[in-house]
Amino acid sequence: MTAKSDELPSELIQKFGHYLSKNQVLDCILTCKHWCFALLPVYYKSTEIRTCDWDRIKGLVSRPKRLYSDFRKYIRELVIFSPVVHYKLHNIRSLVQGMTGLMKLDLVNVGCLTDDDIWLLSSNCKFLQHLSILASEDNRITDEALVSLSRNSPQLRHLFLTCTSASLFTSRGFNAIADGFESKLASFSLEIISITHQSLPDSGLRNISNALPFVNLQAENQPKTGQALANILQKHLNLRHVSLDWPFGMEDCLQALQDQFELKSLHLGNLVLKDSKIIHQNPLEELVLFECKLDPLVIESLGTKQMKSLELRGTANVDIIAGIAMCFTNLVSLVFNNSFHVAVHRCVTDQQMLSIASHCPQLKKLHLPIATDQSLVSLSEHCLELQDLDVIDGKMITNQGLTLFVTRCRKLQKIYLGRANQITEVGIQTLAQYNRQLDTLFLPAGAQISDNLVPVLADRCVALKVLGNVVWSIDSLEVQIPLLKNLQMLYLLPLRGLGDPFLPKHRVELLKKTCLRLYHISYL
């Protein structure tokens, strides 16, 4: 005896749905009402929304009764993403109000919630475990939001706060975090950034927001805040991830971190690290230091730990990177950037690059100022698993060096060619030929690369989603870019000497309409 598809139990259909992709689940939903009711919870369980699509779907958010079923109650994980900082999403409160089963909310570059929204979210979503929000002067998330979370969301385990002003939160809000959540936070992040928007003349575009350290001149007048932050670290002893970049109170935080013994990931910014005790007593797998000053003894002792990811952004001198990397044989990700405060940016030498490559053969991500072909050759001989490469500089890299590298490292998914202006279309075509899975490509700035490259990329790199450092004219873009069927983000360089170097707004919208998946165009 065989059962018809509409007679299968809903639980069994949902089991099937967990093994299908999002599009496959949607196809099944459209078959009949029975399958629709069964698979709606699976389809909406993990939902991602781009802010550029908000105007199109906000009607569904505000009038769910007109839909076949109120999808909001099925959402367990919600990510709202914007490539640039975005502050206003109309009807966001209607969406928040109906997500009674929400467990994870991640707002990436989106500062649309207010204190009232956070109170509503914490009151309705009793199972909330993960929250990432952006607080700014525009949306005014303050201590009241933190107090609401501590009172109404006892199951919250991962809290990520990004702020544009240190005046938004005081010791009252931080003490509420310290006393709330049953002292069981597993992740805590507090970072302050300065968002700058540069308007483009008559273009309707804004450039990418820059995250830079923000200095509060009144930091010295707020000693209680440092103690409140330290209380968070002292009372939540189950922390696995800590990220701190705040203009004051960091010394108290460093002292409190010495009571932590289970940290797997540690991000610290804009401080002076004089002691390596915190690094040694925790089983760290990821260490990120941003614009930190390190004592020489701390630098020498970094290599005693076996980590998988190391990021030193404006923290150490490029000369010591090779010595540190020699002690990290299990390193998978290595990122180094020169400090914003130095006038001369140096690159690793060929000998240093050989040392790094030979001691870290498992590297999959490498962002390092590289200048010559020989450095690429060293990588190609030892780091065959490399997937993400940013040469940052690359001023002496040629087609020959790039060709030798890409013929050996065939797992590349992302490559940023910096200022390697000696690379021509021939080198890029070779790159596309041997790395057809490439999804992110930033062309060398200043190189003479014509729009004839686009058909080659469209044919060989079908998965290409991000294309950067493009200098082609608007006429060329409207003809060639639609060939890249999966392109989602396009970063342009202004055309100098041709009148207005920026695209008019109506031409930008027309370009987006001709490329079905393209949703973001910006200038670098």
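Student: Is Ser265 buried or exposed?

Tutor: Please keep in mind that this model is predicted. To decide on burial, one looks at the relative accessible area, and a value under 20% counts as buried. Ser265 has a relative accessible area of 8%, so this residue is buried. Ser265 belongs to strand E8, which covers residues 265–269.

Student: With which side chains does the side chain of Ser265 make polar contacts?

Tutor: Two partners may be named here. The side chain of Ser265 makes a polar contact with the side chain of Glu286 at 2.8 Å, and another with the side chain of His267 at 3.4 Å.

Student: Where is Gln260 found, and what does its side chain reach?

Tutor: Gln260 sits in the loop between helix H10 (250–257) and E8. Its relative accessibility is 0%, so Gln260 counts as buried. The side chain of Gln260 reaches the backbone oxygen of His236, at a distance of 3.0 Å.

Student: How many salt bridges does the structure hold?

Tutor: In reading a salt bridge, one looks for a side-chain nitrogen of Lys or Arg within 4 Å of a carboxyl oxygen of Asp or Glu. The structure holds nine salt bridges. One of them joins Arg157 and Glu182, whose closest N and O atoms are 3.4 Å apart. Arg157 lies in the loop between helix H7 (143–152) and strand E5 (158–163), while Glu182 lies in the loop between helix H8 (171–179) and strand E6 (187–192); the pair therefore ties together parts that are 25 residues apart in sequence.

Student: Is Arg157 buried or exposed?

Tutor: Arg157 is buried, with a relative accessible area of 19%. Arg157 and Ser183 are 26 residues apart along the chain, and their C-alpha atoms are separated by 9.1 Å.

Student: Which residue does Asp179 meet in a salt bridge?

Tutor: The side chain of Asp179 meets that of Lys235, with 2.6 Å from N to O. This pair links distant parts of the chain, since Asp179 is in helix H8 and Lys235 is in helix H9 (residues 223–235), 56 residues apart. Asp179 is exposed, with a relative accessible area of 55%, whereas Lys235 counts as partly exposed at 40% relative accessibility.

Student: What is the partner of Lys414 in a salt bridge?

Tutor: Lys414 forms a salt bridge with Asp439, and their closest N and O atoms are 3.6 Å apart. Lys414 lies in strand E16 (residues 414–416) and Asp439 in the loop between helix H17 (425–434) and strand E17 (440–442), so parts that are 25 residues apart in sequence are tied together by this pair. At 27% relative accessibility Lys414 counts as partly exposed, but Asp439, at 16%, counts as buried.

Student: How many disulfides does a search of the whole structure find?

Tutor: A disulfide is a covalent bond between the sulfur atoms of two cysteines. A search of the whole structure finds zero disulfides. Consider Cys28: the closest cysteine sulfur is in Cys32, 9.6 Å from the sulfur of Cys28, which is too far for a bond. The cut-off for such a pair is 2.5 Å. As for burial, Cys28 counts as buried at 19% relative accessibility, and Cys253 counts as buried at 1%.

Student: Which residues line the largest cavity?

Tutor: Rolling a probe the size of a water molecule over the atoms shows where empty space is left. The structure holds one cavity of 30 Å³ or more, and about 30 Å³ of space lies in the largest cavity. Its lining is formed by Leu78, Ile80, Ile92, Val96, Leu105, Leu107, Cys112 and Leu113. Strand E2 (77–86), helix H5 (92–98) and strand E3 (104–110) are the elements that give two or more residues to this lining. By class, the lining has eight nonpolar, no polar and no charged residues.

Student: Where is the place of Ile80, and is this residue buried or exposed?

Tutor: Ile80 is in strand E2, and at 1% relative accessibility Ile80 counts as buried. Ile80 and Leu105 are 25 residues apart in sequence, and their C-alpha atoms are 8.2 Å apart in space.

Note on methods:
Residues are numbered from 1 along each chain as its sequence is written. This is a predicted model: local features need pLDDT of at least 70, side-chain atom pairs count only at pLDDT 80 or more; totals for chains, interfaces and linings use all residues. Side-chain values use heavy atoms; hydrogens and water are left out. Helices (H or I, at least four residues) and strands (E, at least two) are DSSP runs, numbered from the N terminus. Buried means under 20% relative accessible area, exposed over 50%, partly exposed in between (1.4 Å probe, protein chains only). On a 1 Å grid over the protein atoms alone, a cavity is a set of points where a 1.4 Å probe fits but cannot get out, and a pocket is an open set with protein on both sides within 12 Å along at least five of seven lines; lining residues have an atom within 4 Å of a point. Grid points are joined across faces, edges and corners, and a volume is the space filled by probe spheres set on the points. Ala, Val, Leu, Ile, Met, Phe, Trp, Tyr, Cys and Pro count as nonpolar, Asp, Glu, Lys and Arg as charged, and the others, Gly among them, as polar. A polar contact is a pair of N or O atoms within 3.5 Å; within protein, one must be able to donate a hydrogen and the other to accept it, and residues adjacent in sequence count only if both atoms are side-chain atoms.
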